[in-house]
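The report that follows is meant to be read alongside the sequence and the coordinates. Please keep both in view while going through the sections.

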Amino acid sequence: MIGYHNNNKKFFHPTTSSTFKLVKLGNVNVTFLDKTNLLGYDGQDMAQLGKYRVETRLGMITHCNSANFNDVDGIIGFGWANQNRSAAILKTLTTKSRPHWDIVQRQDFVPMPRKFAFTADDSIGELQLGGYEPDSVAEPMQMFPMAGYAYGVNVTSIKFGNVELLDFMGNHHAYVGEFDSGTTCLLIPNSTVNGTFKRNPFEILLNEQNKGGTFPLVYTIGGETFEIAYEECVEPAETAMILGDPWFRKWIVLHDLVDLKDKKMGLALRNPSYKLGVETDSSATLSQHSQYRANKGRSQELAEFNPLSKVRAHRRITSAKSALTMGLYQGQAVDKVALESQSRVTYNIKLSIGTPPQPLQVIFDTGSFMLAVFADPAPEGMKPILDAQVGSYEDSESPWGQISQELSWRIQGLNRTALIGANLIFIALIVGAVFSLMSRRRSQEKYQELHQLEEMGVESDGWTE
C-alpha cells in the first residue's frame, strides 16, 4: 500500500503551541476495511473554525499507510453525538464547557447556536455556522422533522415523469433519505429493502430511462416537492437513500439541532445572485473587540453579537481512476460516494489549531464525529493527562474502534449499476473486497443504541477518552 504524503508539509506542530496538552499516547489506532491505518495520540488544544475558538480534544495522526489522505491536513466531522465524552466538535462549539474533559471555555465565549447550513456550486462550497445567511436564500426556509439516526428526512415519493419509484408495501409510507454533501450522486435503493417496497425503486428508474425518459426526479418531503435535474447522476445502493451533492448545489441545507428533542432539517433554494465563499471575519469574536468592549456594556455587546459565521469550502473532485490502485479500492475515510462513481467530491475547509493558530485544510464531513489532524509526534517529556496505553483499538468497545466501525459503511460500497443523466447508463464493477451497505444498518443500530442510552440517562464513553 502506498503511504501518505503531504506536499504542502502542513502538519500541526504541538511544540510551537503554548496551549497544547497531551491527553493519551498511542490512543489513535484506526484500521478501516480497506486496510487504511491511522496511528497517533490524543491531544487537547485550541481549535478555531470561522469566528468560533474553543478548547477541545482531538486526534493527532502521526502515521498513515494510505495515499487516500494525500495533501489533506485532517478531518472535521460535523456529525452529532450528545454523550458526555462525545468527540463531536459540534458539541464543543455549542456549549460553555465539557466537564468530563475538565474543559471550561473562556469566560467571554459565546457558544455557537446548535445549527449550521451548507451549500455549494460547481467550484466552491460554504459552511454557515450558527444558522443560515438570510441573503443566501431565494425563498422562505422550509423545515422538516429530522428522521433516522443522522441528518435525514422522510421521503414519501420520488417520481420520474408520472412513474412512482417508491411503491410502498403495506403500512410503509415513507423512507429516510440522508443528506450527505460528500456523496457525488443521488443514491436510491436497489432492492425492496426487506419488503418495504413492492418493487425495486432503482430498477423502476432504470426501466423508465431505458424507454427513453428524460424527466427530472421529483422528491416529496413533508408534502413539498423538490426537483432534481435529469442531468444529475443517480446510483443504486442496496438499502440506502442518499441526498447527495446535487441537493447542496441547488438548495441551502440547514441542520437545526437547537431543540434536541425536535431536531429539524431545512431547505431553501439558493439565491442565484448570492456570492459563495465570502468568509466572515474570523477575528470578529467578542474577546478580540477590546475597544468595543470598553465602550459598551456586556449585555449590549451580547445583544448585538451576530452568531453567524461563514467559512469557505474548497471543492475537490477526484476521478475514479485515481481512486483505484493496483486493482484494489483504497477508500478515502470520509468520501462516502459509491465506488463506481466517475468522480468523488470532498470539501476542504480551514481549521486552525493551537496558540498561535496554525491554519490547516481539513475535510469537512457531516457523516462522522471524527476530529483529527496530521501532527508531529508528541513533545518529549510531556506528561499525558491520562495514563499511556498503546494497543489496537479496532474492537467495538474502544472509542477509536467505534469511530472506525461508524465510518466503515462510508468507505466501502457494493456492486451497483450506475445511472447518469442524458440516458448514459454504465455498469461499474467493484474490484477487491466488497463490503455490503448492510454495515449502514449496523451503524444505524449504533446510533439508535447511543440515543436510547442518552434517553435512559445511562453514561456512555462516547467516541474519545
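## Cysteines and the disulfide

In this predicted model, Cys 64 has a relative accessible area of 8% and is therefore buried, since that value falls under the 20% cut-off. The structure holds 1 disulfide, which joins Cys 185 to Cys 233 with an S to S distance of 1.9 Å. The torsion about the S-S bond of Cys 185 and Cys 233 is about -100°, so the disulfide is left-handed.

The pair links distant parts of the chain, 48 residues apart, with Cys 185 in the loop between β12 (175-179) and β13 (186-189) and Cys 233 in the loop between β15 and β16 (234-237). Both Cys 185 and Cys 233 are buried.

## Overall make-up

The protein contains 8 helices and 27 strands, and of its 465 residues 56% count as buried. Its accessible surface comes to about 19000 Å², of which carbon and sulfur atoms account for 51%. Where contacts join residues at least 6 apart in sequence, 71% of them are between residues at least 24 apart.

## The β14-β15 hairpin

Strand β14 (residues 217-221) and strand β15 (residues 224-228) run antiparallel and are joined by 5 bridges. The two strands form a hairpin with 2 residues between them, and Gly 222, in the turn, has a positive phi of about 55°. Ile 221 stands opposite Glu 224 in β15.

In soluble globular proteins, nonpolar side chains tend to be buried together. Here the largest nonpolar core has 73 residues, and those with the most contacts inside it are Leu 49, Ile 76, Phe 78, Leu 217, Tyr 219 and Trp 247. Strand β23 gives the most to this core, with 5 residues. Apart from this core lies another, of 9 residues, among them Tyr 4, Ile 75, Ala 372 and Phe 374.

Leaving aside neighbours within four places in sequence, Phe 78 is in contact with a set of residues that includes Leu 49, Ile 89, Leu 90, Leu 93, Phe 116, Leu 129, Tyr 151 and Phe 364. Asp 365, Thr 366 and Ser 368 are also among the residues that Phe 78 contacts.

## Ser 352 in strand β23

Ser 352 lies in strand β23 (residues 343-353), and with a relative accessible area of 7% Ser 352 is buried, because this value is under 20%. Once neighbours within four places in sequence are left aside, the contacts of Ser 352 are with Met 46, Ala 47, Gln 48, Pro 357, Gln 358 and Pro 359.

Technical notes. Residues are numbered from 1 along each chain as its sequence is written. This is a predicted model: local features need pLDDT of at least 70, side-chain atom pairs count only at pLDDT 80 or more; totals for chains, interfaces and linings use all residues. Side-chain values use heavy atoms; hydrogens and water are left out. Helices (H or I, at least four residues) and strands (E, at least two) are DSSP runs, numbered from the N terminus. Buried means under 20% relative accessible area, exposed over 50%, partly exposed in between (1.4 Å probe, protein chains only). Contact means heavy atoms within 4.5 Å. Accessible areas come from the Shrake-Rupley method with a 1.4 Å probe; for residues, only the protein chains shown count as cover. Two strands pair if DSSP finds at least two bridges between them. A nonpolar core is a set of buried Ala, Val, Leu, Ile, Met, Phe, Trp, Tyr and Cys residues joined through side-chain atoms within 4.5 Å. A disulfide is a pair of cysteine sulfur atoms within 2.5 Å.
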